Amino acid sequence: MSTASALARTQSMPRWARGLFELVLIMGLWVLYSLARLLADTNMQPALQRANELLDIEGLIGIQWEVPLNRLFTDYRWIGLLGSYWYATLHYVVTAGVLIWLWRLGADRYGPARRALVIGTLMGLLAYISLPTAPPRFIGGYVDVLSLHAADGWWGGDASAPRGLGGLTNELAAFPSLHAGWSLWVALALQIYASRKWVRTLGWLYALGTAIVIVGTGNHWVIDAIVGWMVIIAGWAAAEAMGRVPIERIPILRMLHRRPQGEQAVVTLEELSPEDSLVVD
């Protein structure tokens, strides 16, 4: 007889080393994110054509909400300023904060959630490279709200890049929106793992608020947000297929990966936290 937790302790790195490894992994993903945006085609004409095609699709399904939202963020200065800080800051801060929270909860929670984030992000990066798309602010009739408030923030006039670093970002890497995708990842992580209802509610409000902000500031089309959500849902579904994720609280994931009756989830050593104890023969 032996315990899986004891085996995991002997075969795994110390906690501080695993934390450092995860930090390097996340930073590597961020570098890949930046490189993918720079590798995308910057030819404006096909990007504008693709944006018009997205508008046509939105018209067919009745979700052309960009103009009224952009006008709201433009007409009310405080909304535009709040939206600018939201867009330029929370995308990174909130996602990192939830990752740290999940890490502290244990590997059985952090591992699948991080896996879902990586898979969804890589899908988004693939779309950035293959489908460069112009955001609304590049088309007449829409206002670039972040540029309007650039003097009041830490960003410059080029998307949400820090002032002076606009040349390091590809402004046609807009479809799908990973701002929307990452915010939905936050909402799903809190829905699955948070025990307090108000925390889960806050996650969904954050995801909804981010979708409104990215459209209202002129940085994304409505369909960008929807497809951004879709790649993250696909990431969570893939993570569930690869390992044990308690998806019973998420109806759409429960439908996508419904286990046959009588089948039991298998917990791998990778997903066990050092504190877990499971007796095996």
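**Notebook: a buried serine, the cores, the ring pairs**

I started with Ser84, which is found in helix α5. The model is a predicted one, and I read every value with that in mind.

Entry 1: Ser84. I looked up its accessibility. Ser84 has a relative accessible area of 0%, so I log Ser84 as buried, the cut-off being under 20%. Next I listed its contacts, leaving aside neighbours within four places in sequence. Ser84 is in contact with Val145, Leu146, His149, Trp155 and Thr217.

Entry 2: the largest nonpolar core. I found 29 residues in this core. Leu102, Trp185, Ile232 and Trp236 have the most contacts inside it. I then checked which elements give two or more residues to this core: they are α5 (77–105), α6 (107–130), α8 (178–193), α9 (197–216) and α10 (222–242). Which of them gives the most? I noted α8, with 10 residues.

Entry 3: Ile232. I picked Ile232 from the core list, as one of the residues with the most contacts inside it. I did not count residues up to four places away in sequence. Ile232 touches Gly120, Gly181, Trp182, Leu184, Trp185 and Leu188. Of these, Trp185 is also named among the residues with the most contacts inside the core.

Entry 4: the second core. I logged a separate core of 16 residues. Its members include Ala150, Trp155, Ile214 and Val215. Trp155 was already in my notes as a contact of Ser84.

Entry 5: aromatic pairs. How many does the structure hold? I counted three. I wrote up two of them.

Trp86 and Tyr206 came up as a stacked pair. I read 6.0 Å centre to centre and 15 degrees between the planes. Trp86 lies in helix α5 and Tyr206 in helix α9, so this pair ties together parts that are 120 residues apart in sequence. Are the two residues buried or partly exposed? Trp86 is partly exposed, with a relative accessible area of 23%. Tyr206 is buried, at 10%.

Trp103 and Tyr110 were next. Trp103 counts as buried at 19% relative accessibility. Tyr110 counts as buried at 5%.

I went back over my entries for it.

Note on methods
Residues numbered from 1 in each chain as written. Predicted model: local features only at pLDDT ≥ 70, side-chain atom pairs only at ≥ 80, totals over all residues. Heavy atoms only, no water. Core = buried A, V, L, I, M, F, W, Y, C linked by side-chain atoms within 4.5 Å. Buried < 20%, exposed > 50% of the residue type's maximum accessible area, 1.4 Å probe, protein only. Helix = DSSP H or I, 4+ residues; strand = E, 2+ residues; numbered from the N terminus. Contact = heavy atoms within 4.5 Å. Phe/Tyr/Trp six-rings, centres within 6.5 Å; stacked < 30°, edge-to-face > 60°.
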